[in-house]
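Welcome! Here is a short briefing to read alongside the structure. Please have your viewer open as you go through the points.

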Amino acid sequence: MRRITEPERQIDVIRETDVIVVGSGPGGLAAALAAARAGVEVVLVERFGCMGGNITVVGVEGFAWYRHEQTVEAGGIGREFEDRAKDMGAAVPESQSLSYELDSEGFKIVADRLVEEAGVQPMLHRQFVAPVMDGDAITGIITESKAGREAILGKVVIDATGDADVAHRAGAPTRMTPPEGMMAASVMFHLAGVDKRTFMAGIQNDPQTYKDWGGGGEWVIETSGKEDAMFSPFIKKPFDAAIRDGLIPAHLTTIAGTWGAMHDTGELTYMNLIQLDGVDGTDPDSLTRGEIEGRRQVGHAIEALKRYMPGCGNARLRNFGMSIGIRDTRKIDALYDMTETDVREEGRFEDSIGIYPEFIDGYGILILPTTGRYMQIPFRSLLPKKIRNLVVAGRSSGGDRIAHAATRNMSCCAVMGQGAGIAAAQAVRSNRDLAEVDIVAVQTELARQGVRYS
């Protein structure tokens, strides 16, 4: 491989702050809000032009689609996302649960409002490119943008990139599932022009349950049994018919999935139908191929829906998410890595920073929280080894394969983010290392912010 040598250069420090949050998805947004509400100065760095991550950029609107009558949750900022969106007209009832589906466009305004009210400094359109290090301590980040390279210094950095980009480049040990074993990536889309009455009549005449989930890739699942008779907004039959009639190539058996909400306006939203195996979210060439292939498959899916799905004869594409949805890349080697036993058997921890219901969704397993069972999230699972002043919020936290199938969900990322933000604020205010922060003080602030952690 040919190489070039960049000339040495000086980079302007454009901001100094208490806490830097890198990435504004559910984990990063919750972390920034929680830290600011705990009384420290916060900068929120985001590579896109909006905050919300998977919700707004990818278009994953089903934030808490696991929720049922017996579900026990942490509350806090994650629930606030739903409540504020509902109050601002940016949410509708979700089709398969007791939650609200967040409007991916409207939530951009919700996030703007929350950040402004908390006094967080948003810095959009800036891509993280490198950490600023002092030995084994991270002291800031370098970003790249239309303004060139800029440095932001902070006392604590929260890595909410989802891919452990900051931790990895700072030298923290990480691991990554081989691409062939990763959870599939998704290209989300939304439809317009659907006849609601006819569509819903079709659903009622042929209701699907979680037992009907089947097909290739992500849709071959194992349940606990209690999910099998529950309604699911699952669509597969139109695509089987399209393959049988030659409308879809025979090898595309993975086109199947769920819809989120059917609006009176004829919009059918949160179409989670395209599952792409082998897409590596840390490889831009792989992402490029995934984006293009995903959009191609969406075209096939829409044609099949128009021909074989009641009410969709005049359907048209309304929009794609701005980016492909990635479920699985790097995880940190944390001070404590969560285990399958923790998420299946109600793990309990003295350093809990929030609870999460017994919801596992990934690697061929689906368990819905319908019996009141829940686990605790240990703060240690957010702390990478070897690097100081750095905490992770989101799906790159430490854990094994099945633990990741639980913690990678957006609502769990928000729980982790709020805990990470409060811990970061406590570390700044007490001038302590993150690993030595007073967990009782963290839990006290969690309770003040409305989080259940035990």
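T329 sits in the loop between β18 (316–320) and β19 (330–332); helices (H or I, at least four residues) and strands (E, at least two) are DSSP runs, numbered from the N terminus. Please keep in mind that this is a predicted model, in which local features need pLDDT of at least 70, side-chain atom pairs count only at pLDDT 80 or more, and totals for chains, interfaces and linings use all residues. Residues are numbered from 1 along each chain as its sequence is written, and side-chain values use heavy atoms, with hydrogens and water left out.

- T329 counts as buried because its relative accessibility is 0%; buried means under 20% relative accessible area, exposed over 50%, and partly exposed in between (1.4 Å probe, protein chains only).
- The side chains of T329 and R395 are joined by a polar contact of 2.9 Å. Such a contact is a pair of N or O atoms within 3.5 Å; within protein, one must be able to donate a hydrogen and the other to accept it, and residues adjacent in sequence count only if both atoms are side-chain atoms.
- Not counting residues up to four places away in sequence, T329 touches G162, D163, R175, M176, T177, M182, D280, G281, T282 and R395, where contact means heavy atoms within 4.5 Å.
- S396 belongs to the loop between β24 (390–392) and α10 (401–407), and S396 is buried with a relative accessible area of 0%.
- Leaving aside neighbours within four places in sequence, the contacts of S396 are G162, D163, A164, R330, K331 and I332.

**Aromatic pairs**

- Rings of Phe, Tyr and Trp (its six-membered ring) pair if their centres lie within 6.5 Å; planes under 30 degrees apart count as stacked, over 60 as edge-to-face and the rest as tilted. By this rule there are nine aromatic pairs.
- One of them joins Y66 and Y356 edge-to-face, at 5.8 Å centre to centre with 70° between the planes.
- Y66 lies in the loop between α2 (54–58) and α3 (76–87) and Y356 in strand β20 (residues 352–357), so this pair ties together parts that are 290 residues apart in sequence.
- Y66 is buried at a relative accessible area of 3%, and Y356 is buried at 1% relative accessibility.
- F81 and F107 also form an edge-to-face pair, at 5.5 Å centre to centre and 80° between the planes.
- Since F81 is in helix α3 and F107 in helix α4 (residues 106–118), the pair ties together parts 26 residues apart in sequence.
- F81 is buried at 0% relative accessibility, and F107 is buried at 0% too.
- W65, Y66, Y356 and F359 are linked into a cluster by ring pairs.

**Charges over rings**

- R348 lies over the face of Y374, 4.3 Å from the ring centre; a charge sits over a ring if NZ of Lys or CZ of Arg is within 6 Å of the ring centre and within 35 degrees of the ring normal.
- R380 lies over the face of Y336, 5.0 Å from the ring centre.

**The whole protein**

- The secondary structure comes to 12 helices and 24 strands.
- The C-alpha atoms fill a box of roughly 65 × 55 × 40 Å, taken along the principal axes.
- Buried residues make up 60% of the 454 residues.
- Among contacts with a separation of 6 or more, 73% are between residues 24 or more positions apart.
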